[in-house]
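Reader: I would be grateful for a close look at a single part of this structure.

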Amino acid sequence: MKIIFYFFLLLASTALFSQPKLLSWNIQNLGKSKSNIEIAFIAATIKDFDIIAIQEVVAGFGGAQAVARLADELNRKGNKWDYTISDPTSSSAHKTERYAFIWKTSKVKKIGKAWLEKKYHLEIDREPYYCTFQYENKKFTVVNFHAITKNKQPETEIKYFKFLPEQYTNLNLIFLGDFNCPQSHTVFYPLKKMGYQSVFVGQKTSLKKEYKNGKCLASEFDNIFYKSSKIKTLNSGVLHFYKNFNSLKEARTISDHIPIWFEFSLN
């Protein structure tokens, strides 16, 4: 009986520890300016996660090429990865960009084509990029987003997110990215009333330009929002990649944001 008990305990532990890990990172100006060494560093930083959502991919050819270089570097580390890149966002007033998803094919399966939001592409400067994945027999859709900067009032865009759950009633949406706005802002209240929770509360994610009073993180901008009735958070955290550099100036050649992640189960 003891052997049978330990066998089922092992199965339960394996199931628990094999849940998908989703990481989001605004990798500043991910394009041809990123050297092979920098691409290798980024790959080493994210290789232990299953789905990577990237913001701020350069709109030109260099951006798509950089994502391909990153996926190629990840493929050298023992797992098979695939990726999808958005068309350039429809921004005209501000800088147009691309989004990307990279995922371990042994862990999750991409369902259908990824797409940029069409209904609110005029209201949202860099309209979000959706991709549906399947883990075991359950599906979820990651909504990748990079808001306009704080001084341009990102809440004027984020306010349209309250319409998206109703627009995609058949999808289990996970909103993530760089919102340039803290989760405590009133613009997130409608989503919270619908049952969405933020993974992080009070977690600063943008890098200062230099250390001040021993602190290097500036603002609570990046986050992940999920429907608590459909998803359970098992673990979460941030990656302090800048600690591998001698200065914040050096670290900011990789990005001015740190990666955020969470491990979750699907109800």
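In which strand is the place of N223? Please describe its surroundings as well.

Author: The model is predicted, so local features need pLDDT of at least 70 and side-chain atom pairs count only at pLDDT 80 or more, whereas totals for chains, interfaces and linings use all residues. Residues are numbered from 1 along each chain as its sequence is written, and side-chain values use heavy atoms, with hydrogens and water left out.

N223 lies in strand 12, which covers residues 222-227; strands (E, at least two residues) are DSSP runs numbered from the N terminus. With a relative accessible area of 3%, N223 is buried; buried means under 20%, exposed over 50%, and partly exposed in between, for a 1.4 Å probe and protein chains only.

The side chain of N223 reaches the backbone oxygen of F200 at 2.9 Å.

N213 is placed in the loop between strand 10 (207-212) and strand 11 (215-217), and N213 is exposed, with a relative accessible area of 81%. The phi of N213 is positive, about 55°, although N213 is not a glycine. N29, in strand 1 (residues 21-30), is partly exposed at 28% relative accessible area. Phi of N29 is near 50°, again a positive value in a residue other than glycine.

Definitions and conventions: Helices (H or I, at least four residues) and strands (E, at least two) are DSSP runs, numbered from the N terminus. A polar contact is a pair of N or O atoms within 3.5 Å; within protein, one must be able to donate a hydrogen and the other to accept it, and residues adjacent in sequence count only if both atoms are side-chain atoms.
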